[in-house]
Amino acid sequence: MIIFDNQQAVAETAKQIYDEFYSSDSYDRIKFININGKLQGGKTGCMVELARQIAPNEVVALTTYADRSLVEQFENDFEPEYNVISVRISTLLSDIKKDSELVKEIGEASTFFIDESEYRLGEDSQLGQFIKFILEEYPSKRFLFVFVGATNYTLNYLSDKFKFPVESITLESEDGYIGVKDFVDSPNFYHIKQKNKVKVTKE
């Protein structure tokens, strides 16, 4: 995967936070990094580059996608990275009760990537269940969680209420980024305002 300058900048900032968290001067057991970026703005590239920078330390990349094609895309993005295990959070939770090899592997990870984190945030969410499990299963370990998403509203709102540190990083869009607003503002985009109800015919 080609990494662009804006993705590199985010990864380098996250790597500094990573180094500080795992330094001998840090006493925090858990820390969140919150990476915000626009839809299709290159957030996955930030995670890939961060994984490369912290290699050979292991990373678990968790996806919450229900769409099979999006899951495959996510897994393919990380497949070349030897220190990354990509897994669906639902699969991981089902394996937790089995004491599987996967559970042992995640215990060796230093960092967890949570993609599109807004999807399952909440006290009773699958993500919440996983975080609770990992902290109880490995009480002497420290974990860094990197949340990535375009709509991290819940995490942004709750960050001031957490009893552990949360640091936010914004992925700035480079020239050439095209989002929904760009389509709406385009002179080639025509919005047809429906004034009357559509008539249903037999044709």
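## How two helices cross

In which handedness of crossing does α1 pass α2? The crossing is right-handed. Keep in mind as you look around that this is a predicted model.

Helix α1 covers residues 5-21 and helix α2 covers residues 43-54. Two packed helices are described by the angle between their axes and the distance between the axes. Here the angle is about 45°, and the axes lie 8 Å apart. An angle under 35 degrees would count as roughly parallel, and 65 to 115 as roughly perpendicular; α1 and α2 are therefore oblique to each other.

## Where the helices touch

On the α1 side, the contact is made by Gln 7, Gln 8, Val 10, Ala 11, Glu 12, Ala 14, Lys 15 and Tyr 18. From α2 come Gly 45, Cys 46, Glu 49, Leu 50, Gln 53 and Ile 54. Sorted by class, this contact of α1 with α2 has seven nonpolar, four polar and three charged residues.

## A covered strand

Now turn to strand β4, residues 111-115. This strand is mostly covered, with five of its five residues buried. In a regular strand the side chains alternate between the two faces of the sheet. In β4, Thr 111, Phe 113 and Asp 115 point one way, while Phe 112 and Ile 114 point the other way.

## The neighbours of β4

Which strands pair with β4 in the parallel sense? One is β2 (residues 59-63), which pairs with β4 over four bridges. Another is β5 (residues 143-149), paired with β4 over five bridges.

Technical notes:
Residues are numbered from 1 along each chain as its sequence is written. This is a predicted model: local features need pLDDT of at least 70, side-chain atom pairs count only at pLDDT 80 or more; totals for chains, interfaces and linings use all residues. Side-chain values use heavy atoms; hydrogens and water are left out. Axes are lines fitted to C-alpha atoms, for helices over the stretch in contact, and angles run from 0 to 180 degrees between N-to-C directions. Angles under 35 degrees count as roughly parallel, over 145 as roughly antiparallel, 65 to 115 as roughly perpendicular and the rest as oblique. A crossing is left-handed if the near helix is turned anticlockwise from the far one by less than a right angle, and right-handed if clockwise. Contact means heavy atoms within 4.5 Å. Ala, Val, Leu, Ile, Met, Phe, Trp, Tyr, Cys and Pro count as nonpolar, Asp, Glu, Lys and Arg as charged, and the others, Gly among them, as polar. Buried means under 20% relative accessible area, exposed over 50%, partly exposed in between (1.4 Å probe, protein chains only). Two strands pair if DSSP finds at least two bridges between them.
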